[in-house]
Amino acid sequence: MLTSLYFDLGGPGLAPGDPMIVGGFAWVAAGSIMVGSPKKIETYDDLSAWWGYGNREYEEFDFLGPNIVSTRTAVADAFAPGGKLGGPDYGAASANEGIRDLYGPLPAVSNTVHVRLELDQDLGSLLSIIDPQNHVPYVEFGSNYAFIKDMPPLQSQVPEPMTLTGMLIGAGALAGYLRRRGRTGA
């Protein structure tokens with residue numbers, strides 16, 4: 001289950017003048033459904049209490065970019081006051097029907113969670129996210145430090161392809177939104 005996305009909006013690392021995430025919100029994308037717990041989630045439900053953001057240097061994992069979107073309270077502040085960040089809860093899970101039962105009692109969004117970020121400054125470009133001299137974007141599955149980057153994976157357990165594909169599509173949508181936002185100066 002996808003729980004975090006690490007990237008670098010400036011940088012490399014947290015340098016003075018780099019863009020910082022200062023807020024945002026998360027919601028259930030159209031067509032997504034609830035898996036795991038019998039609780040119901042519907043399209044456009046607000047998940048801002050279960051998703052959050054952070055800007056920090058990682059001494060223990062120095063390969064991680066300093067900007068993060070996550071469900072984990074250890075590295076993020078909730079988008080909504082009184083946030084309930086709790087690791088995998090309400091993370092993004094695979095839409096593959098054959099593995100939905102694997103989530104057990106954990107509530108999860110099957111398919112897509114949309115995240116909109118508020119930054120402390122306009123972005124002129126998203127090129128820092130893919131700059132070869134910068135931190136490579138990573139995704140985290142669960143809350144046990146299972147990190148994945150483009151290639152090769154850092155651990156022996158590789159997530160099922162639909163989950164990784166869904167995450168990469170979500171990251172592309174986020175990058176597209178930030179690019180449009182930077183061009184319009186919104």
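Predicted model: local features only at pLDDT ≥ 70, side-chain atom pairs only at ≥ 80, totals over all residues.
Local features require pLDDT of at least 70 and side-chain atom pairs pLDDT 80 or more, while totals for chains, interfaces and linings use all residues. Numbering starts from 1 along each chain as its sequence is written, and side-chain values use heavy atoms, leaving out hydrogens and water.

Start with the whole protein chain, coloured by secondary structure. It has two helices and eleven strands, taken as DSSP runs numbered from the N terminus (helices: H or I, at least four residues; strands: E, at least two). Their order along the sequence is β-β-β-β-β-β-β-β-β-α-β-β-α.

Colour next by accessibility. Of the 186 residues, 46% are buried (buried is under 20% relative accessible area, exposed over 50%, partly exposed in between; 1.4 Å probe, protein chains only).

Now show the Phe, Tyr and Trp rings. There are five aromatic pairs (ring centres within 6.5 Å, using the six-membered ring of Trp; planes under 30 degrees apart are stacked, over 60 edge-to-face, the rest tilted).

Select Y6 and Y58. This pair is edge-to-face, with 5.5 Å centre to centre and 80 degrees between the planes. Y6 is in strand β1 (residues 2–7) and Y58 in the loop between β4 (52–55) and β5 (67–70), so the pair ties together parts 52 residues apart in sequence. Both Y6 and Y58 are buried.

Move to F25 and W27. Their ring centres are 5.1 Å apart and their planes at 35 degrees, so this pair is tilted. F25 is partly exposed at 34% relative accessible area, and W27 is partly exposed at 22%.

Finally, select F61, F63 and Y138, which ring pairs link into a cluster.
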